[in-house]
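Look at the fold below, starting with the strands and then moving to the open spaces. The briefing takes these two topics in turn.

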Amino acid sequence: MTPRRTITGFSNPTVKLLRSLRDKKHRKREGKFLAEGLRLLTDARESGRLPEMLVMALGRDEHPLLSALEAAVVEAGGSVIETEAEILAKITGKDNPQAVAGVFAEFDTGLAALDRGRAPIWLVAQALRDPGNLGTMLRTGDAVGAGGLILLDDCADPFSVEAVRASMGAIFTQQVVQARWDEFHAWLRGGPGQLVAASLREARPYRGAPYAAPCFVMVGNESRGLPEDYEMACDLRVTMPMKGRADSLNAAVAGAVLAYEVLAALDPAAT
């Protein structure tokens, strides 16, 4: 059996550290974030990312995937902790936590780490505030084979417990980049790349539009949409029909619809 450390007290310094990772300030200070659930942690392992620390609930059901995860963490020099389910709930902030959580080092999210040629589609979100929408966009990126998600200006933290949970493991398969608009726009224009946004300004129907790889699909803030100057800087503006009373789609949904249309144009065999 692999040696494990057991923690049974809420006041334990490790518990306090883990609980602090629910706060963005402490995540940035430590350079670490939390992920919860065997499926999500297994996705991380299969994507080549292992937690530095594995936290498991006492009395949990044994599972071969959990045993494989624990062995991989130990082999990589990580630590394994067992604790009461109530303490794990305090750590994750979830009343009914899953039986396992992991602590990961935050990834490099700078533009310099991005290789635009590694995928034909990239998703871009400006001032996206809802971590659920952020997680949904990561899942969309994974589904369409995008290279990653570029977060512009003041977006929700992609490493928050809520965003990581909503990503359903896509946080580990998608590259995440954070930048200001001016920085991103200068970078984009320094090489190949088509910037596309859903818009009502001088837009053409999104079906059959001339999409080109690498295509950067951009959506805006949930309530305000994209600033006008951002839209006008796009290479292509497209519009989606709205048949009902609503005048717009949810930002993450709009990004998904548009991403699948781009996928159909760039890789018809995939759809």
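This is a predicted model: local features need pLDDT of at least 70, side-chain atom pairs count only at pLDDT 80 or more; totals for chains, interfaces and linings use all residues.

- Five strands form an open sheet in the order β1-β4-β3-β5-β2, and their pairing is mixed.
- β1 (5-7) and β2 are the edge strands; each has a single partner strand, so one side of each has no neighbour in the sheet.
- On average, neighbouring strands in this sheet are turned by 25° against each other, direction ignored.
- Strand β3 (residues 53-57) pairs with strand β4 (residues 79-83) in the parallel sense, over five bridges.
- L54 stands opposite V80 in β4.

**Helices on the sheet**

- Helix α3 packs on the sheet and touches β2, β3 and β5 (100-105).
- The direction of α3 makes about 35° with that of β5.
- Helix α4 (residues 64-75) also packs on the sheet, where it touches β3, β4 and β5.
- The direction of α4 makes about 145° with that of β3.

**The second largest pocket**

- The second largest pocket holds about 170 Å³ of space.
- Its lining consists of 13 residues, and those nearest the centre are E36, G37, L40, Q98 and R165.
- β2 (32-36), α3 (38-46) and α7 (161-167) are the elements that give two or more residues to this lining.
- Sorted by class, the lining has seven nonpolar, three polar and three charged residues.

Notes
Residues are numbered from 1 along each chain as its sequence is written. Side-chain values use heavy atoms; hydrogens and water are left out. On a 1 Å grid over the protein atoms alone, a cavity is a set of points where a 1.4 Å probe fits but cannot get out, and a pocket is an open set with protein on both sides within 12 Å along at least five of seven lines; lining residues have an atom within 4 Å of a point. Grid points are joined across faces, edges and corners, and a volume is the space filled by probe spheres set on the points. Helices (H or I, at least four residues) and strands (E, at least two) are DSSP runs, numbered from the N terminus. Ala, Val, Leu, Ile, Met, Phe, Trp, Tyr, Cys and Pro count as nonpolar, Asp, Glu, Lys and Arg as charged, and the others, Gly among them, as polar. Two strands pair if DSSP finds at least two bridges between them. Axes are lines fitted to C-alpha atoms, for helices over the stretch in contact, and angles run from 0 to 180 degrees between N-to-C directions. Contact means heavy atoms within 4.5 Å.
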